[in-house]
Amino acid sequence: MQVLYRCMDDFRQNSAGYLANHMARLFFHGLQQRIAPLGLAPGQFMVLLDLWEGDRKTQAQLVASLDVEQATMANTLSRMERDGLIERHASPRDKRARIVVLTQKARDMRDDAMAAAQAQNEVALASLDAQERALFADMMRRVIAAMQRG
């Protein structure tokens, strides 16, 4: 039995998937706590990050940009519309598509939400110096790119 436990512990300590998942869950929880006072959920924050760079995107564009399921995006956008963060307008080019537009409420919370995310990022990366942070981010981007290629 002890051999199995040692192997499982070794797996957890050296598995990229396990470590990435564990780190993501911890980051998610910390971010959730920091943005909750703003009335945001982490899924909404990710959509807002994309829309703060430029709104007037379709749901399909957001799905592709954020690499999430269409149903997940539909539910998130419905909650965001209910919460007064976005409006959806008919697309002049495609009668089936709706254009997602930020409300002033969402624009006004940008600085506070970004500060909350930056605070969580600082907690997560506190043990790394500037060079290690840059290397860590570069390695994560490379791993993500490799997995996206299949």
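# Briefing: helix packing, sheet and selected residues

Helix α3 (residues 42-52) and helix α7 (residues 110-125) cross at roughly 120°, and their axes come within 12 Å. This angle makes α3 oblique to α7. The structure is a predicted model.

**Contact of α3 with α7**

- The crossing in which α3 passes α7 is left-handed.
- On the α3 side, the contact is made by Phe45, Leu49 and Trp52.
- On the α7 side, Arg110, Ala113, Met114 and Ala117 make the contact.
- By class, the residues of this contact divide into six nonpolar and one charged, with no polar residue.

**The sheet**

- Three strands form an open sheet in the order β1-β3-β2, and their pairing is antiparallel.
- Strand β3 (residues 98-102) is joined to β2 by five bridges, and the two strands run antiparallel.
- Within this pairing, Ile86 has Leu102 of β3 as its bridge partner.

**Helices packed on the sheet**

- Helix α3 packs on the sheet and touches β1, β2 and β3.
- The direction of α3 makes about 90° with that of β3.
- Helix α5 (residues 70-82) also packs on the sheet, where it touches β2 and β3.
- The direction of α5 makes about 110° with that of β2.

**Asp50, a residue of α3**

- Asp50 is found in helix α3, the helix that contacts α7 through Phe45, Leu49 and Trp52.
- The relative accessibility of Asp50 is 7%, so Asp50 counts as buried, the cut-off being under 20%.
- Apart from neighbours within four places in sequence, Asp50 is in contact with Lys57, Leu62, Ser65 and Leu66.

**Arg34, a residue of α2**

- Arg34 has its place in helix α2 (residues 16-35).
- With a relative accessible area of 34%, Arg34 is partly exposed, because this value lies between the cut-offs of 20% and 50%.
- When neighbours within four places in sequence are left aside, Arg34 is in contact with Ala116, Ala119, Gln120 and Val123.
- Arg34 and Leu85 are 51 residues apart in sequence, and their C-alpha atoms are 18 Å apart in space.

**Positive phi in loop residues**

- Arg56 is found in the loop between α3 and β1.
- Phi of Arg56 is near 65°, a positive value in a residue other than glycine.
- The relative accessibility of Arg56 is 53%, so Arg56 counts as exposed, the cut-off being over 50%.
- Although Asp67 is not a glycine, its phi is positive, at about 55°.
- Asp67 has a relative accessible area of 61% and is exposed.

How values were computed: Residues numbered from 1 in each chain as written. Predicted model: local features only at pLDDT ≥ 70, side-chain atom pairs only at ≥ 80, totals over all residues. Heavy atoms only, no water. Axes fitted to C-alpha atoms, helices over the stretch in contact; angles between N-to-C directions. Helix = DSSP H or I, 4+ residues; strand = E, 2+ residues; numbered from the N terminus. Parallel < 35°, antiparallel > 145°, perpendicular 65-115°, else oblique. Left-handed = near helix turned anticlockwise from the far one by under 90°. Contact = heavy atoms within 4.5 Å. Nonpolar A, V, L, I, M, F, W, Y, C, P; charged D, E, K, R; others polar. Pairing = 2+ DSSP bridges. Buried < 20%, exposed > 50% of the residue type's maximum accessible area, 1.4 Å probe, protein only.
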